[in-house]
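Subject: Structure for your review

Dear colleague,

Please find the structure below, together with its sequence. My notes on what was found follow directly after it.

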Amino acid sequence: MLTLSEHASRHPKFWFRLSGALCLLLILLAAAPTLSPTTFSFLNPLHIDTDPENMLREDEPVRVTHNHLKQEFSLYDVVVVGVINRDHPQGVFNARSLKNVYDLAAFARGLRWEENGSEQGVVGVDLMAPSTVDNIEQAGLGTVRFEWLMPSPPVNDAAALQVAEKAMRIPMLRDTLVSSDQKALALYVPITSKDISYQIAEKLRAKVAEFDSNDEYHITGLPVAQDQFGVEMFKQMAISAPLAMLLIFLLMWWFFRHLRLVLAPLAVAMISVILTMGLLVVTGNTVHIMSSMIPIFVMPIAVLDAVHILSDFFDRYPRIRDRNKTIREVMEELSAPMLYTSITTCAGFASLAFTPIPPVQVFGVFVSIGVGLAWLLTVTLVPAYIMLMPENSLQGFGMNTDKDGEEHTALARFLHALGRFTYRRAKLVLVATLLVAVGAGYGISKIQINDNPVKWFAESHPIRVADQALNERFAGTYMAYLALQPAAPATLEDARNRVTALLNETDAAIQEPARALISGATAQTRDEWLREVQDAVAEAREQADTDALWDAWDALGQGLDAVRQSAETFKQPETLAYIETLQKYLQETGLVGKSNALPDIVKTVHRELMQGDAEAFRIPASAPAVGQTLITYQSSHRPQDLWRFVTPDYRNTNLWIQLKSGDNKDMAAVVAAVDRFFAQHLAPTALKHEWFGLTYINVVWQEKMVSGMLEAFLGSFLIVLAMMAFLFRSLWWGLLSMLPLTVTIGAIYGVIGWIGKDYDMPVAVLSALSLGLAVDYAIHFLARSRFLYRQTGSWRETVDAVFGEPARAITRNVIVIGVGFLPLLAAPLIPYQTVGVFISSILLFAGVATLLILPALLTAFDRFLFKNLQPTREAEA
């Protein structure tokens with residue numbers, strides 16, 4: 001490092017030209033695909049991704065299952081539009097409001113466009129609105145009439161109220177399309193892909209703005225929240241990064257009172273950010289919620305080493321009065337601590353590459369790259385910049401120091417007093433540290449793991465307002481899906497065994513001919529084999545020459561049909577009754593607002609087939625009767641809706657579960673409740689279940705985040721500890737350097753548990769993020785303490801020295817990096833605010849802990865810790 005600094009001091013212009021050329025090259029490479037996609041198609045364009053699903057690898061089993069089942073049941077992500085009228089006695093069910101709803105639904109169905117060779121937009125055929133769903137009514141015994149719930153806008157308020165009343169009779173619509181108080185309604189707008197949800201939402205808002213009414217329109221749903229986050233993420237980058245730069249500039253100017261000199265670390269920070277983000281884009285990585293925070297992390301970290309250099313330079317220059325000699329002396333003393341602090345910071349962030357969350361991996365790797373670049377730029381550009389400054393511009397620099405390099409400022413006086421306090425009251429400091437550790441342990445035990453993408457927005461944000469308004473009135477806007485299928489698949493061998501058993505009970509007159517027919521079937525799959533056998537039996541029946549034989553063949557045909565239908569698991573009344581029991585169980589947990597499933601369709605159609613008799617709202621007693629209700633339902637305007645709940649072979653079914661809360665803890669509780677149900681209730685046919693849907697995926701990646709962050713933290717902790725032991729050539733000194741960090745992280749996470757803050761995504765990554773940073777203070781403090789101890793030969797005398805310039809440099813760094821993250825509080829998004837508050841708290845607390853705990857420990861164990869350190873000859877003399 002010293003060689004690099006010397007080269008930069010001798011050739012300052014070369015290093016500035018080199019860094020400028022690299023920045024310009026990466027900016028051009030990053031911008032080229034956007035400016036000319038055809039010419040620069042080999043480069044990677046900037047891509048924004050805020051989809052929490054991408055927190056998991058593409059081959060993650062839960063993600064593979066999710067995408068497979070979405071396709072199997074033809075499900076789409078949905079934008080939810082809620083309409084509420086608080087003024088009209090009938091709520092939204094008045095003629096004027098429903099006319100607007102009718103127009104909005106028609107407008108939504110037409111939102112289609114071509115993009116990248118495929119059609120994007122709203123899946124109009126599946127849109128759920130009063131004008132696009134069926135009213136199911138009896139039309140005489142054994143007959144059902146399907147008609148649009150609202151074929152045209154109602155002519156008066158009485159007709160409008162009838163729309164709500166009709167919808168309330170249909171379980172699939174009650175509390176889903178129409179609120180239980182019949183004062184609000186919701187439209188469900190299916191979209192071709194999640195990443196267009198913001199566009200769709202904006203177009204819907206523009207259409208709503210044309211209406212002249214007192215109705216409230218709320219647009220929400222997980223896809224909208226996630227896409228909206230991407231839009232506002234850019235606002236965060238545009239606000240927080242410049243604010244951080246401004247704050248750092250003001251702080252450094254306040255410290256050193258030399259405008260031209262403090263521009264050097266700012267240049268280092270800007271070049272580091274440009275190079276890091278340029279590399280991120282040109283290597284094809286997406287800008288995710290995590291990677292969007294790279295600039296705000298790299299910027300404060302990039303100035304840390306520069307602060308140490310300038311702080312030492314500030315103190316030494318008035319005595320030496322030679323830039324080159326001062327820089328060389330400063331770099332000789334700081335080279336090892338700066339190198340190791342940079343390596344530990346890189347290691348702390350790089351450890352995130354071992355988490356199972358791809359965006360976190362990208363974030364960790366590129367912040368690590370940014371820190372490495374910042375170190376290289378600091379040890380070259382800062383000395384180079386100082387050498388390019390005119391000598392006379394340093395007149396008066398360091399004027400607050402005396403001839404021995406000591407400051408006479410309030411900060412200097414405070415730090416000297418603090419040093420004396422830690423020496424005289426070492427035991428008190430250590431007892432207080434122990435009490436903090438005990439309190440932190442209790443707080444950590446109270447931590448609750450939870451997250452919810454909608455809560456990434458402020459409470460006043462339209463997304464949060466919509467979420468609260470609609471979940472107060474409807475069964476829930478958070479969808480989770482539970483797929484059921486037989487635990488053992490229906491096989492050809494099983495069908496043959498059943499048919500053999502059936503033949504043994506068949507009329508003796510046809511047993512042998514029937515066996516001959518059946519043995520001649522050659523199909524290799526269960527369904528095809530049964531179809532071939534049934535066709536042969538039907539042909540034999542038609543050729544029967546007596547009524548008795550015809551009846552025998554017909555009875556065998558009916559038996560074969562029963563064997564075929566036995567594999568149609570979800571046509572069986574007892575299986576549907578089991579699902580109905582599961583639905584009631586879920587409702588009783590208090591966690592589920594409502595569930596829709598195949599039994600709801602069967603019961604509704606059966607009731608209308610029985611002339612609308614309320615007592616007929618039940619599951620029929622036989623599989624053929626169930627089959628009749630399902631055939632009848634397929635005569636509706638939306639027959640495809642049936643296949644949202646069951647596959648055409650009736651071997652897989654799907655429950656739609658609506659939750660009023662998108663909190664992971666609530667989804668996890670529902671999953672646990674379902675597991676208990678299957679453990680306690682034996683199904684008529686052994687079933688297996690699988691969860692899918694965005695609400696469930698959020699639970700999975702959150703669990704992986706928690707375990708991954710813990711592993712990353714422990715791994716990087718051990719790596720940094722090993723590095724510290726190597727740096728100080730002592731395990732005890734290595735452990736000592738990790739203590740302030742450990743106490744700090746324990747205390748901050750203890751506070752999280754005490755105040756009831758959810759352990760969410762931002763909080764999960766804080767420990768790993770802060771590890772490499774917070775240990776920097778301890779490295780500098782201990783390295784400088786050992787260096788000064790060799791000169792004094794006494795810890796008592798070393799205390800005054802170490803609480804001079806070294807402590808001032810550490811304090812300046814604590815302030816710069818702690819305050820440097822506070823601009824995140826200006827971000828419009830909660831995760832950034834959380835990171836800003838807690839990372840600043842961790843770094844400030846770690847700085848305080850370093851200046852309190854380490855000197856107290858060194859005082860208490862100075863004979864043990866310093867016994868192998870040999871004083872220099874000057875100290876001995």
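How many positive and negative side chains does the chain have, and how far apart do the centres of the two sets lie? There are 71 positive and 87 negative side chains, and the centres of these sets are 12 Å apart. Please bear in mind throughout that this is a predicted model.

Overall dimensions and make-up

The chain comprises 877 residues, and 57% of them are buried. Along the principal axes, its C-alpha atoms fill a box of roughly 130 × 65 × 60 Å. The secondary structure consists of 31 helices and 11 strands. The accessible surface amounts to about 35,800 Å², and carbon and sulfur atoms account for 57% of that surface. When contacts between residues at least 6 apart in sequence are considered, 78% of them link residues at least 24 apart.

The nonpolar cores

The largest nonpolar core contains 251 residues, and Leu204, Phe297, Trp691 and Met705 are the ones with the most contacts inside it. Helix H24, which spans residues 694-728, supplies the largest share of this core, with 18 residues. Apart from this core lies another one of 20 residues, including Ala523, Trp553, Leu560 and Val563.

Strands E1 and E7

Strand E1 (residues 77-84) pairs with strand E7 in the antiparallel sense, over 5 bridges. Within this pairing, Val80 has Thr220 of E7 as its bridge partner.

Thr176

Thr176 is found in the loop between helix H5 (157-168) and strand E6 (184-191). Setting aside neighbours within four places in sequence, Thr176 is in contact with Ala186, Tyr188, Phe474, Lys594, Asn596 and Gln658.

With kind regards

Technical notes
Residues are numbered from 1 along each chain as its sequence is written. This is a predicted model: local features need pLDDT of at least 70, side-chain atom pairs count only at pLDDT 80 or more; totals for chains, interfaces and linings use all residues. Side-chain values use heavy atoms; hydrogens and water are left out. Helices (H or I, at least four residues) and strands (E, at least two) are DSSP runs, numbered from the N terminus. Buried means under 20% relative accessible area, exposed over 50%, partly exposed in between (1.4 Å probe, protein chains only). Contact means heavy atoms within 4.5 Å. Accessible areas come from the Shrake-Rupley method with a 1.4 Å probe; for residues, only the protein chains shown count as cover. Lys and Arg count as positive and Asp and Glu as negative; His and the chain ends are not counted. The place of a charge is taken as NZ of Lys, CZ of Arg, CG of Asp or CD of Glu. A nonpolar core is a set of buried Ala, Val, Leu, Ile, Met, Phe, Trp, Tyr and Cys residues joined through side-chain atoms within 4.5 Å. Two strands pair if DSSP finds at least two bridges between them.
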